[in-house]
Amino acid sequence: MHFYTIDQFFLILHPLQKYTRWIYFDFRRRDSTIPFEFENMTKLKISLTFVLFELICNLIKFILEIRADRLSEAKQIAAVTSIALLCMIRGISLYTDRNRMLAICNDLDKIFPNTVYLQQRMRVQKLAAFFKVRFRVLRIYVYVGLPSFASIPLIRYFLFYDRENGGPLLDEYHQHASWAPFELKQNNRAYPYVYVYETFVTILGFTCILTWDHIFTVTVSQLTMHFEFVNTELESLNVRDTTGRMKSKLFWRRFKEIIVYHQHVYRLAKKLNETFNLTIFLTDIGCAGSICFHLYLIANSDSILTIVTFFFPCFILIAFTFDYCHQGSRLAEASARLQTILYTQKWYDASPTYRRLMLSLLQYAHKPFTLNGFKLFDLDMLHFQSIMTIAYRLFAFVQSQGK
């Protein structure tokens with residue numbers, strides 16, 4: 001059996017990071033006994049600067065289109081602005097919450113199984129298989145979706161732009177139809193430089209989203225693994241052992257270890273929720289609006305290239321929203337299963353001491369842990385359904401106003 005370390009999960013790089021080496025959090029360390037440290041934040045600061053500038057340019061362009069009463073163009077800018085806003089939210093979270101993220105990673109490192117026997121019992125290979133499949137899907141998108149999004153404006157430029165007359169460039173020739181000083185985005189001579197800049201900003205913004213998502217997924221998946229391990233260990237106990245003299249001592253000692261371990265994992269889960277809940281809350285609002293505007297642009301476009309351009313951002317928004325809601329649902333299900341296990345343990349065959357304790361245990365396990373956004377909503381598959389419903393209602397409203 002392959003032996004895993006926690007470093008292998010945190011060190012997974014998506015293709016953009018692998019080829020550009022644009023890595024915000026470097027999880028490499030000389031020795032597994034040394035805690036993780038994020039020493040250099042220069043690349044993240046550079047990314048936030050460029051993404052913030054692009055967001056401001058988008059807002060300026062959106063205001064200009066509204067004032068000129070060009071609502072159709074304004075809706076297109078709104079779609080791009082919402083993506084830039086999501087990148088900014090994730091990037092700011094990475095910077096402001098980096099110390100808390102680091103603390104969670106180090107806490108999980110301390111309880112990560114460090115023997116082959118423990119890894120078998122905790123089913124670490126199942127976690128590794130999950131990340132292998134997930135990374136494979138993500139890699140396909142990065143290889144197909146991102147190049148398509150970046151190249152379609154360039155294809156349009158070479159196919160449709162009249163370079164002999166050299167007129168002003170349209171927004172459709174740009175990845176980000178935002179405002180630029182000195183009318184650079186309308187200047188044909190500046191187009192190569194603008195295109196390289198836009199591609200660079202796309203990579204920076206997308207890397208912000210992927211880095212946040214990766215840390216969130218790795219930490220939540222590991223907490224799910226620990227909750228499932230608690231369930232498995234508790235399920236393996238025989239409550240009838242409480243009636244014997246020798247077996248009773250072993251039972252209570254192991255039972256106490258499991259409860260203490262569960263409490264520690266529960267505290268880590270609360271710590272994780274406190275770290276990510278603001279970003280989850282803001283991301284939900286942004287995702288619903290962004291999906292709405294992208295659907296509007298797809299539904300009201302006659303151009304295949306335009307549909308493809310807006311399809312990939314829309315798809316990735318829905319996919320990532322589904323993914324982190326699914327992660328929250330898995331964590332809640334693993335935590336909720338504790339009560340079922342306690343109830344089906346044939347507690348009526350246990351000693352009077354254990355039977356008296358049973359009510360307290362059921363009350364303790366009554367409310368499972370759920371990730372939430374400031375306790376306004378739980379992060380689960382029902383919440384994903386709610387986000388899609390809100391996005392569709394917004395789309396229906398915008399579509400009706402457009403008509």
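The model is predicted, so local features need pLDDT of at least 70 and side-chain atom pairs count only at pLDDT 80 or more, whereas totals for chains, interfaces and linings use all residues. Residues are numbered from 1 along each chain as its sequence is written, and side-chain values use heavy atoms, with hydrogens and water left out. Helices (H or I, at least four residues) are DSSP runs numbered from the N terminus.

**Helices H4 and H8**

- The axes of helix H4 (residues 71-96) and helix H8 (residues 191-236) come within 8 Å and cross at roughly 55 degrees; axes are lines fitted to C-alpha atoms, for helices over the stretch in contact, and angles run from 0 to 180 degrees between N-to-C directions.
- H4 and H8 are therefore oblique to each other, given that angles under 35 degrees count as roughly parallel, over 145 as roughly antiparallel, 65 to 115 as roughly perpendicular and the rest as oblique.
- On the H4 side, Cys 87, Arg 90, Gly 91, Ser 93 and Leu 94 meet residues of H8, among them Phe 206, Trp 212 and Asp 213; contact means heavy atoms within 4.5 Å.
- By class, the contact of H4 with H8 has seven nonpolar, four polar and two charged residues; Ala, Val, Leu, Ile, Met, Phe, Trp, Tyr, Cys and Pro count as nonpolar, Asp, Glu, Lys and Arg as charged, and the others, Gly among them, as polar.

**Helices H8 and H9**

- The axes of H8 and helix H9 (residues 245-299) come within 10 Å and cross at roughly 160 degrees.
- H8 and H9 are therefore roughly antiparallel to each other.
- The contact of H8 with H9 has 19 nonpolar, four polar and two charged residues by class.

**Two buried residues**

- Phe 227 lies in helix H8 and counts as buried at 1% relative accessibility; buried means under 20% relative accessible area, exposed over 50% and partly exposed in between (1.4 Å probe, protein chains only).
- Not counting residues up to four places away in sequence, Phe 227 touches residues including His 262, Tyr 266, Leu 331 and Phe 369.
- His 383 is found in helix H12 (residues 381-402) and counts as buried at 10% relative accessibility.
- Leaving aside neighbours within four places in sequence, His 383 is in contact with Asp 284, Cys 325, Phe 377 and Asp 378.

**Annotated spans**

- An unreviewed UniProt entry places the feature "transmembrane region" at spans including residues 140-159 and 304-322; such annotations may be inferred rather than shown by experiment.
- Residues 140-159 are 100% helix, with end C-alpha atoms 27 Å apart.
- Residues 304-322 are 100% helix, with end C-alpha atoms 26 Å apart.
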